[in-house]
Structures are given as C-alpha cells and as structure tokens.
Amino acid sequence: MKALLLKSSIFRFIERAIVVITSLLLTPYLISVLGSNDYGLWVLVLSILGWFNVVDLGFPQAVQRQIIQALELDDKNRVNVVFSTGVVLFAFLGACSVVILVGLTQVPAIFGVTGPDQLTLVQILLVLSVKVFWGFLMNPFHGFFSGLLRFDIDANLSSLNAIVKALLVFWLISDLNIWGAVVATLASDIITNLLKVFYAKRLFPSLSFKLKLASFDEIKALFSYSKHLVLNGIIKTVGSKAGPMIITRLFDLTSLAIQQVAANLVAHAQAFVGTITGVFSPIYNKMAARNQNMEKVFILTTTINIFVGSILFSCLLMFGKVFIVLWVGEEFEYAAYIIFFSVFSFLCSGFTTSANNILLAQANHKLLSLISFFIVVVNIPLAIFLGQTIGLVGLAMAGATTNFIFNVLVKMSLFRHYNDYKVGKVYLRFIVSVLLVYSIGFVGAALLEKLAIDTWLELIISGALAFPVVVLICWFVILDKALKEMITNLLVDKFNLNKKVNSQ
C-alpha cells in the first residue's frame, strides 16, 4: 500500500507540475492577446462556473465514501447500485444547475459587468453550461480511482487535460479571441471525460449503469451523510467565489486580473502540497470503516503537510515579486503584496486538512458547516471594509485573519472534541512553520532585491541554489527522526525498485 501511495503521490506531483507549467505559460499569453480587461472577464466566467459546486449538495463525497466502502467489502452489486444511483442523481443536479445558470444570464447586471462585456459574458456562460452538466455526470467515476488508490490515472488524465487545453488555446485564441479559450476548455474536457469513463470500466469490469438499480432509498442514505455537507459546500463556495464579485464591484476587471495572478501562484503552491497528502483521504475512510485509531496517521499527514507547505511557501515569498515582474510585467507587481497575506491563509487552512478529512471519514462533520458559515460571515464584510480602506491587499488580510481564527483555533477544537489525540506537536510545528516561512521569505526577497535579478536565467540559477537550502532547513527544523527515516526508506525502496525494473 505504501508503494501505491508513493506512486500516486509522484504522479499527482507530476500532474500538478504540468498544470502549473501550462498555467504559467498561458497566463502572460492570455493577458497579452486578450488584454487585462478580457482576461479579467475570463477569470470572472470561471469563478461563476465554480459557484455551481454548491448544487452538488455534498453528494460527491457521499458517493465516493459509499463506493470505497463497497469496494472494501468486495460487493460488486453494491458498487453498481451506488454508481447507478449516483449517475441518476448527478444528471438531475446537473440539469438543475443548467437551468439556474440560464436563469442568471437573464439578469447579467448582478455580475458587476456592463457594456459589451455583459453580452459576451452571457453568451459564454450559455455555451459553457454544457461543461457544467458534464462535470456533474463525472462525479460517480471518481470514487473508483480513489477507492482503488489509483490516483495516478486521475492525475494523468488531468495532465492530459491541461496539455490539450494549453495547445488549443495557443492555436485558437489569436483568431477567436476569448472564444478560443471557451472552445479549448470544452474540447479538452470532452476528451478527458471520455477517457475517465474508459479507465473506470477497465479498472472495474463489472461496472455498469442500470436505471433499475438506482434507488430512492440509496439517495436517502447518501443524503443522511451529505446533508451536513450541503450547507458547508454552499458556504465554502460563497466564501471562495465571492472574491471576484467583490472586486468587480469595488474596483474593475483589471484589478481582478491582478488579484488572479496572486491567487493562481498561491493556489498552485497549495495544490502541490495536496498532491502529497491528498492520497490519504481514502485511507481515512478505510480506517474509519474498520474503526481504527488514526492518531499516528493524523500526526504523520499533518506534519508532511506542514513540511511541504513550508518549503513551497517560503520559495513563493522569496521569489514571488521577481517572478511576477518577469512573468506578466511590472503592472502586476502589486500582486506580490497580496501574496504575503494569502500565504498565511493557506498555511492555516492546510494545517487542518488532515483533521477535516478525518472528521468527514468518521461522519463527525456535522459542525464543519457552522465553522464555514462563520468564516464567510466574518470574512466577506471584513474583506469589503478592508478592501475599501486599503485596496486589494485588504481582501487578503481579511482572509488571513478569518482563517487563523476559525481553521487553526476553532476547527482544531472541534477535532479534539471527537478525537482525544495529542496535538501539541503539530501545533508547535505549525508555529515553527509560520516563523520559518516568513523569515526565509523576507530574508530571501531582500537578498534578491539587492542582487537586482532581471532575467529568467538569473532567476532560474538563484532558484536552483536556494531551493535545496530551503528543503534542508525545513527537513532539519520541522521533521522528527522517525519521519525522516520513514521518508528516506520509502524513497530508497522506490529507487531500488525502479533500478531493478530497468535492469531486467
């Protein structure tokens, strides 16, 4: 199992690297071809589509959990019952989403866009309603990849999606403008979604959809688990997608483009962290099904999360400003100041990722929605206030404040309520991580400013020199002896296995 998890982590890491590289290449190209205004419009389109995650009502996690448990019991009929019910359920939810989206296009002024941009926005949303519907239909298939620990397949398909989309954008956007991005998005999704169906069937040959297997009792069983996720999902979506709406109303589409540059860089760093610890989610479900104690796994995964996050966010703070100027130009330099506060938000939310997933696996997630509710209730008015008084940085400051209060303090208190684990060590590592990230980040950024790095070659050389140093510092400061030995042994075993295979 350890080898399979390591393999999955490696492929997820490669996937994230491909997604990041294609994104980094596409963003300056999109800005140069579309202009900052139309690029901001495209960001707004993607944000609006993200709102429809609310309509899934928490069922993706419920279906995935049921499929994992059915696979664990080796009950093929049970798997097909859950799968068939999921397909019918998500087809209905997808249709509802399309109806809602079409309804919203009838009142486009609510998006804060005026003039010709408003008509373009409406037309794009109507076309991309197809993407929304198909996205819902894909939800039942993800349970197989996670249940069989085949994250590598999901990762490879995601990599393919990113590459195909990037190539199509470069090919189409110069002629079709923003519509080139629309066509590229739809085409890449069609290809990868068809492949997801193919691989799910290949992994589980007995998989079949039969309408007669879809059960209303099964929907009720799914809802009994997901009902507490519904409000949580709605609130989280409102919280995460409210930013672009606030920015377009307080500022303009150009400001949204600047904020998105910062958001993309921080999100990419956080996603890299998720590639390492995200593979443990089905393990939590399996252990919960067996009623096993997860204290060691919790400490292990949280520490790895902190370790990887410390490395990546230290480098982001160190090289952020220089990278942004070289990447998209000096007019986006302000994004670097947003990153300083956004990094702390992600450190806080990343700290509780394992605790959150364990609560979900144990079905002790009833109060998570209440925590998410208070995050949004506090964050949105605080973001509006600070945004009006300070600017875009104010929105990031609001996020940092609310994440610390509700993720680090409140959510961990909830976790301790259900699990009497010793969490003193992980709290200490989190504090050390924050101090380490900002110390390395600020010192490194100051040194780079003195060196006056202004070419990609200089940035690459300085990054190649700094990264191993940051890794070593985090390795010795954050990890304990046992975890160092475990990671070293896993890597050595993987290297020896690859060496043996290559020699045959």
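Modeller: The model is predicted. One place to begin is helix H12 (residues 295–328) and helix H14 (residues 353–361), whose axes are 8 Å apart and which pack at an angle of about 145°. From H12 the contact takes Phe-298, Thr-301, Thr-302 and Asn-305, and from H14 it takes Thr-353, Ser-354, Ala-355 and Ile-358.

Biologist: Why are H13 and H17 called roughly antiparallel?

Modeller: The axes of helix H13 (residues 335–351) and helix H17 (residues 424–451) cross at roughly 160° and come within 11 Å. Angles over 145 degrees count as roughly antiparallel, and H13 and H17 therefore get that label. Their crossing is right-handed.

Biologist: Which residues make the contact between H13 and H17?

Modeller: H13 gives Phe-340, Val-343, Phe-344, Leu-347, Cys-348 and Phe-351, while H17 gives Val-426, Tyr-427, Phe-430, Ser-433, Val-434, Val-437, Tyr-438 and Phe-442. By class, 13 are nonpolar, 1 is polar and none is charged.

Biologist: What makes Ser-345 count as buried?

Modeller: The cut-off for buried is under 20% relative accessible area. Ser-345 has 9% relative accessibility, so it counts as buried. Ser-345 is part of helix H13. Leaving aside residues up to four places away in sequence, Ser-345 touches Ala-396, Gly-399, Ala-400 and Asn-403.

Biologist: How much of the chain is buried?

Modeller: Buried residues are 52% of the 504 residues in the chain. The chain has 19 helices and 0 strands. Its accessible surface is about 22400 Å², with 68% belonging to carbon and sulfur atoms.

Biologist: Where is Ala-452, and what is its phi?

Modeller: Ala-452 lies in the loop between H17 and helix H18 (456–478). Its phi is near 55°, again a positive value in a residue other than glycine.

Biologist: Why do Asn-177 and Ala-452 count as partly exposed?

Modeller: Partly exposed lies between the buried cut-off, under 20%, and the exposed cut-off, over 50%. Asn-177 has 31% relative accessibility and so counts as partly exposed. Ala-452, with a relative accessible area of 49%, is partly exposed as well.

Terms used
Residues are numbered from 1 along each chain as its sequence is written. This is a predicted model: local features need pLDDT of at least 70, side-chain atom pairs count only at pLDDT 80 or more; totals for chains, interfaces and linings use all residues. Side-chain values use heavy atoms; hydrogens and water are left out. Axes are lines fitted to C-alpha atoms, for helices over the stretch in contact, and angles run from 0 to 180 degrees between N-to-C directions. Helices (H or I, at least four residues) and strands (E, at least two) are DSSP runs, numbered from the N terminus. Angles under 35 degrees count as roughly parallel, over 145 as roughly antiparallel, 65 to 115 as roughly perpendicular and the rest as oblique. A crossing is left-handed if the near helix is turned anticlockwise from the far one by less than a right angle, and right-handed if clockwise. Contact means heavy atoms within 4.5 Å. Ala, Val, Leu, Ile, Met, Phe, Trp, Tyr, Cys and Pro count as nonpolar, Asp, Glu, Lys and Arg as charged, and the others, Gly among them, as polar. Buried means under 20% relative accessible area, exposed over 50%, partly exposed in between (1.4 Å probe, protein chains only). Accessible areas come from the Shrake-Rupley method with a 1.4 Å probe; for residues, only the protein chains shown count as cover.
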